[in-house]
Amino acid sequence: MTREELLERLRATRRMSVDLARPLKAEDYRVQSMPDVSPPWWNLGHTTWFFAKNVLEPHGLYRPEDARLEYVLNSYYEILGPRVDRTERGLQTRPTTEEIYAFRERTDERLERLLAEVSDQKWDETEFLITTGIHHEQQHQELFVSEIKHILGSNAPELREPYLAPQSRAAAASCCGSTSRDAKLGSAQPSPGSGHPGLGNGAPRPIELEGGLDRFGNREGGWCFDNELAVHKAWIDPFAVADRLVTNRDYLEFMDNGGYRDPLLWLANGWAAVRDRGLEAPLYWERAGGGWMQWTLAGMRPVEPDEPVCHVSFYEADAFARWMGRARAEWSGCRLPTEREWEHAARSLGFATEEGNFLESGKLHPQAGAAGNGKWSQAAGEVWEWTSSHYEAYPGYVPFDGALTEYNGKFMDNQRVLRGGSCATPRSHIRVSYRNFWAPDTRFQFTGIRLARPQSAATTP
């Protein structure tokens, strides 16, 4: 990548973060609505500090005013010193939001000067660190969207205000593929001619794949996170993967058939969450009369049956898969795909990022796709797809050097892998080998479901 190309990508990324913050009011910047959510001022500051500490400091461009902010803007880098506890970020009234924006401007000026002046001998290292900082900020842009959704959704119902402008709300509503009448019913409706209520002829269909010995990881080359390496071989047995994502219509059928009341569908920790938290629907769904409404970044709206279900935990996804194995003969043995099965399917069937619904679309909500038609769809964007895989190192894994050693490897414990990106993921950030990871009870991210099963478990419908 040339200096000019890297400079333009850096500017575009930094500008995107500021643009995402423009709809916010002053009070929104300072709120931490739960421990997993950071206040917006912190995201804007932390991504800037990451550049200052990891890119500017090695070149002697880290200033005392940068170091002054380090205690509140360090995230989890133990080697870099003490920091404010994550749960207390929302208790800080300093630095002010204005100071954070000034910090961004000062840092951007020094980054641009560095790009212009760094020697050819130090270019490769500088390019790597700036590219890493860009991808780090893009991760926080997705976090920013999901966190502001939680912050605004935590307001009293009478006082909730949408994040998206009215014209965006109208566009989001108009793109839905199902009628508001179906949504207001709050129950999956039969497809025409269907003998199975709710799922009907539009149910996801299995696509058979042969499996075999394949290569996994970032085999396409180019920059990637350390957890996508090393490229390695692994065997996968023949399996089938769903042609589309699970929809609200599908999930409503699961709910209507007692999915949240049957402990035999759930892993023990998942059932404990259902019992202790009183779970009965995805996050942001609320009962309204005889149906369901959901909070979106465009405001409250009816649950649209044909949109991908979103904001479900790994436990909910896993329970749905078990239920689907009971409900449909062709899904006997149903489960979530492993991450290698997902990656094999994406490379075999296609991963078209240019066609996906990502952050740049401005919709910030999963969109209705094709009904079950036997063709692989919705793999890129829309919602992150839970896999059954635990997050762990690939064979031959080597972490980034220095402080960046703490970026990924230390989290390879009690996490599950997700694949594919979401409607809040920047398009240029995603790859077929990208490994996202979250704790299995996470719901505030844009997370959804794609089904899989062994080929040997298939029966003729």
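Colleague: Is H311 buried or exposed in this structure?

Modeller: In this predicted model, the relative accessibility of H311 is 3%, and because buried means under 20%, H311 counts as buried. H311 is placed in the loop between β7 (299-302) and α11 (314-327).

Colleague: What is the phi of H311?

Modeller: Most residues other than glycine have a negative phi. The phi of H311, however, is near 65°, a positive value in a residue other than glycine. Q378 also is not a glycine and has a positive phi, of about 65°. Q378 sits in the loop between α12 (339-349) and β8 (384-390), and with 15% relative accessibility it counts as buried.

Colleague: How should I read the way helix α1 and helix α6 cross, and at what angle?

Modeller: Angles under 35 degrees count as roughly parallel. The axes of α1 (residues 3-21) and α6 (residues 123-153) come within 10 Å and cross at roughly 20°, and therefore the two helices are roughly parallel to each other. The crossing in which α1 passes α6 is left-handed.

Colleague: Which kinds of residue form the contact of α1 with α6?

Modeller: The residues of this contact divide into ten nonpolar, six polar and five charged. Among them, L6, L10 and M16 belong to α1, while I130, I134 and F144 belong to α6.

Colleague: What does Q138 touch?

Modeller: Q138 lies in helix α6 and is buried, with a relative accessible area of 4%. Leaving aside residues up to four places away in sequence, Q138 touches R9, T13, P426, S428 and H429. The side chains of Q138 and H429 are joined by a polar contact of 3.4 Å.

Colleague: Where is R244, and which side chain does its own side chain contact?

Modeller: R244 lies in the loop between β4 (239-242) and α9 (248-256). R244 is buried, with a relative accessible area of 3%. Its side chain makes a polar contact of 2.9 Å with the side chain of D250.

Technical notes:
Residues numbered from 1 in each chain as written. Predicted model: local features only at pLDDT ≥ 70, side-chain atom pairs only at ≥ 80, totals over all residues. Heavy atoms only, no water. Axes fitted to C-alpha atoms, helices over the stretch in contact; angles between N-to-C directions. Helix = DSSP H or I, 4+ residues; strand = E, 2+ residues; numbered from the N terminus. Parallel < 35°, antiparallel > 145°, perpendicular 65-115°, else oblique. Left-handed = near helix turned anticlockwise from the far one by under 90°. Contact = heavy atoms within 4.5 Å. Nonpolar A, V, L, I, M, F, W, Y, C, P; charged D, E, K, R; others polar. Buried < 20%, exposed > 50% of the residue type's maximum accessible area, 1.4 Å probe, protein only. Polar contact = N/O pair within 3.5 Å; in protein donor to acceptor, adjacent residues only side chain to side chain.
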